[in-house]
Each structure stands twice: as C-alpha cells, then as structure tokens.
Amino acid sequence: MPARRSAQWYSGDDRNSYIHRAWMRRGLPGDAFDGRPHIAIANTASDLTPCNAHLDEVARSVANGVYEAGGIPLGLPVVSLGETQVRPTAMLWRNMAAMATEEMLRANPIDGVVLLGGCDKTIPALLMAACSVDLPAVVVPGGPMLTGTFRGVPLGCGTDVWKLSEEVRAGTLSAAEFTRSESSMIRSRGHCNTMGTASTMGLLAEVLGMTRPGIAGIPAADSRLLEAAHATGALAVGLVDAERRPSTVLSRGSFRNAIVALAALGGSTNAVVHLLAIAGRAGIELTLDDFDRFGAGVPLLVDLLPAGRFLMEDLHRAGGLHAVLAEVSDLLDPAALTVTGRPLVEHLADARVHDREVIRPRAEPLRPHAGIAVLRGNLAPDGAVIKPAAASPHLLRHRGPAVVFDSVEDLHARLDDPDLDVTADSVIVLRGCGPRGYPGMPEVANTPIPAKLLARGVRDMVRICDGRMSGTAYGTVVLHVSPEAAAGGPLARVRTGDMITLDVEARTLHADADLDAREPTPAFLDALAGPSRGWERLYVDTVGQANTGADCDFLLGASGDRVARESH
C-alpha cells in the first residue's frame, strides 16, 4: 500500500513532523499517526444557511463511520451559501466557495474527504472543489424537508411561495393568510421539498456516481439519513485504500446519465450551469448542446412540483431515485462508475416503484419529452435554455411584442404601472442579470406577471432573461441567454415593441430587428455592476458565460493534491 498523503506531514522525527503531530494531540492517540487514513468532513452547516443547519448532526454520524472503519475523522467547516439569505445572489459565491474548499483540502494533511451539502450552491461548489483537488471524495446530500400543509393542502416550498404571492397581488389571498403560511411551508430541517435545485443536485450527485448508492433523496428528518451517513464515513476510508478519486469515477458517461436523469426527474434548469462547471473542473468535455442531445427525448416520469403535484417525501416513499433510473436504464451509460467501484446501473437491480401516481411508467409519462431545450437565434447566439415541463404548452410557440426592462430595479418600478403597455401576448424581457451584469446571475428571470394582467386571470407569459430562475419556479421562461447583455450580447439591444418569436420545437429564439445596428441604452449601461474591489471585482473580470458553466477562467481544470513546500 502506498504511503498515505497525510504521512507527508506526520511521519518522521524532524522538527516539522513534530509540530504537525503535537498540535493535533488534543485527544488524538499516538496511533492516529501510524498510517490510518485521515478523512476531512467538509461541512457547510450554518445557521444562516437554514437548509444545511442540521449537517452538524449528519457530520457526527459520518465521523462515527470513519472511526469504525479505522480512519481519523476531522471536521472542516467550509464556505456555506444560503440561497434564501445572501444578497445579491448565492451564485456570486459558488466559485469562491469551490476555490476556498479546494485550497483547504489541498493545504491540509488529509487523505480523503466527505462532502456535506444541501442548499442549492453547496453541493455544486463541493463537487467542483473535489474535482480540482482530486482527493478521494464522496458526497452526503443533506436531504429534503418533510411536507408541510396549509389549510389542509400540501405546500411545496419555493413553488408555492411564487403561487401564493401572485394570489396576494391578484387580490385573491389576504396578506395575513399569506404570512400565516410561513411556518407551515417550512415544516422541518432540510432543503426545499420540491424538485428545485437543491433536490436536483443532491439526486444528480448520486447519478454522477459521487454518493453512496441509495442515499440521495432521503428526507433530512429521516433517521435513515444518519445511518447512510455512518456508512458513507466507512466508505470514505475504503476510497482512500482503493485510491478511488473523482477522476477515476467521473466520465463523460457520468454526465450523460445526469442529463437523462435531469429530464426524467423534471429537475432544475440550474443543473445546466452546475453540471457544465463540474465537468469543466474534471476536464470532461460537456457542452450546452449535450443537454438537448441526451435529454430531449427523455420522458418526464416524476409527478413532482413544480412540473407536477407531489413532493420529495412522496418520491422517496414511491421508490426514490433508483426506481426512476430503472425506468430509463436503457438510456444510461452502462460503464459509468460510482464511488463503490461498480457501475451505476448495477445498483438498480432491486429498484421497485411503489406508487405509480408519483413515478409514472415509461409507457405513460407525465410528458413524453421533458429534457432541457436549448434555443438559439439572433437573441441567443451561444444558446439559451427553457424547461418545457414547467412551461405552459400553448406558449411554447409564441410571437409577441417585447416589453423591455433594463434592470431588476426598472422592473420593480414599472411592472405594476397601470399605464404599462402590456398584454398577455407581450414578451417580457429583463436584461443585465447575467454573471457579469448583476453580478452573479440571480434567480430573477421568472418575473412576476403585471398586476393588471393578474387581475384578468393571466398566470403565465413568455419571459426572457440572461439570468436564472429558482428550480422551484415554473412558467414559460427563457433563461441563461448567452452571451449576456453585459458581455455585449444582443439582448442589450432589444427595444420595447420588437416582435419576438419563440419556437421551442424548432429550438429558436428570434427578434425581428437589426440588433447589430443598435447601441445599448444608457439606462441599461448605468444599471450594470461595476465593483471596484474584492471578490465581486475578481468575479466580474474573470467569470465565463452561462453556456460554459459560469466558472471563473482561472479556476477551470484541476491542480491535484500536491503541496511541494513545508510551512516551517
């Protein structure tokens, strides 16, 4: 067996090895340094990331599993991003969290790592870091919250926020009732219980092969999560012994499987930018077109909000991720591995569906074609995406006049103006919300419906934006327009009144105007981000576009785990 990486710090009898051992001798016995694998538990728990607040408890179970298998568990707090709390958007710091985690994993005397995440950006950031440092790694998703009810009806967190808030604006729900629903919506520990980004990325971490099979989707409050976390700790020791790293697990086939699963699950559009970024760190070729190539014909099988009716607790009860994957197993790459060293498909043999209302049979899907659709045209030369499963079917082919907003502030100021020239056929265009422009590409693309249209019963319109929308959101929303307006994209030159044609079946997005002949408006330019220092400045100067994963150019790829120089 090759020498442990941690032995570079601890073995020997010189001054430096003495320092490294002595400062760790705060309860650790002498045989902790005899060659046992040292396993970091990279933990995103934080009171300000409420969906991850329970991960300290999960970490204790992981630690017990590491000890049981003969390893040394070491807690490592890492940057935590609370989707609901941080401003201007958690996405601004995904790359920073990945960078900080990568650097701490590389810099410390560890042989492997267990990655604890839950809220939207935490699992993507942890996986990006793990790929760049390439130590043996395994993910424990924190799991969704339990289903809450309000007035006897189940609530989907996120999705029902959007629905209920629109009802308040329409005058069909009182503000007092809206407020009363708050404690009902968030019933327990865990992340959103809809098929939002957190649920999607937890499930896709398993499809990529980066979790212990069977763990993704276990509700956060379910004791079986702690049991699985314990087993994951033991598995982490085995990964070190086998020298099984992300580079030996992840392949192009792993990402193909993730794209197939994304469609079958009705997962979040945000998975597009995260999978592209993870692949970029792993050195695996993945393009925006691959999402259409591998996912377009995949049926939607999971009847879950925001595309359906049920919630994550129901999916787990109905058979979970493996039951869904078994339905589309012929579309999966049979060679793609998991951290067990066995292919993903080998773990599906015992999968069973226990509720055919929640998980539909392949022959009777919720929708026959559910993948992310990639659009191109003079509005999006490098691509844009739409989630047909969350859109209104009658709007998937639509032509209407643009109503343009130069910034989020402009939208908020004018959207509900009774004199706004807007109809149900209009196409709302919101720009300046891409990675550079906001900065950080926020979840603002699912703009509210103008108040006067809400009053007439309108609940969906075509909306176009260079930003993102929450995975819990719904509607006919074109997202991730690339290049973004702030990077010189044509969205910067659209004007109110331009006729816009969306044709999802034809994969086109077009404006009837000579956009190249125009200059951006001063109001748009004035609204763009212009940070003078700090991470925001570094981010704006180096971030890529959505169609490549919105990673920073200097973070692409990997540097491995080697640290050449001593610290003393």
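## What counts as a pocket

A pocket here is an open set of grid points, each fitting a 1.4 Å probe, with protein on both sides within 12 Å along at least five of seven lines. Its volume is the space filled by probe spheres set on those points. Keep in mind that this is a predicted model.

## The largest pocket

With that in hand, start with the largest pocket, which holds about 1300 Å³ of space. Its lining runs to 49 residues, and if you want to find the centre, look for T84, V161, W162, E443 and S470, which lie nearest to it. Two elements give two or more residues to this lining: α6, spanning 159-170, and α17, spanning 408-414. Helix α6 makes the largest contribution, with six residues.

Next up is the second largest pocket, at about 520 Å³. Here 20 residues make up the lining, and the ones nearest the centre are W9, H20, A107, N108 and P109.

Sorted by type, the lining of the second largest pocket has 13 nonpolar residues, five polar ones and two charged ones.

Now for the rings. The structure has two aromatic pairs. One of them joins W535 and Y539, with ring centres 6.2 Å apart and 50 degrees between the planes, so the pair is classed as tilted. That label follows because stacked pairs have planes under 30 degrees apart, edge-to-face pairs have them over 60, and the rest are tilted.

Both W535 and Y539 belong to helix α20, residues 534-542, and they sit four residues apart, about one turn of the helix. Are these two side chains' residues buried or exposed? W535 has 13% relative accessibility, so it counts as buried. Y539 is buried too, because its relative accessibility is 0%. The cut-off for buried is under 20%.

## Charges over rings

There are also a couple of spots where a charged side chain sits over an aromatic ring. K163 lies over the face of Y474, 5.6 Å from the ring centre. R431 puts its charged end over the ring of F524, at 5.5 Å from the centre of that ring.

Notes: Residues numbered from 1 in each chain as written. Predicted model: local features only at pLDDT ≥ 70, side-chain atom pairs only at ≥ 80, totals over all residues. Heavy atoms only, no water. 1 Å grid on protein atoms, 1.4 Å probe; cavity = no way out; pocket = protein on both sides within 12 Å on 5 of 7 lines; lining within 4 Å. Nonpolar A, V, L, I, M, F, W, Y, C, P; charged D, E, K, R; others polar. Phe/Tyr/Trp six-rings, centres within 6.5 Å; stacked < 30°, edge-to-face > 60°. Buried < 20%, exposed > 50% of the residue type's maximum accessible area, 1.4 Å probe, protein only. Lys NZ or Arg CZ within 6 Å of the ring centre and 35° of its normal.
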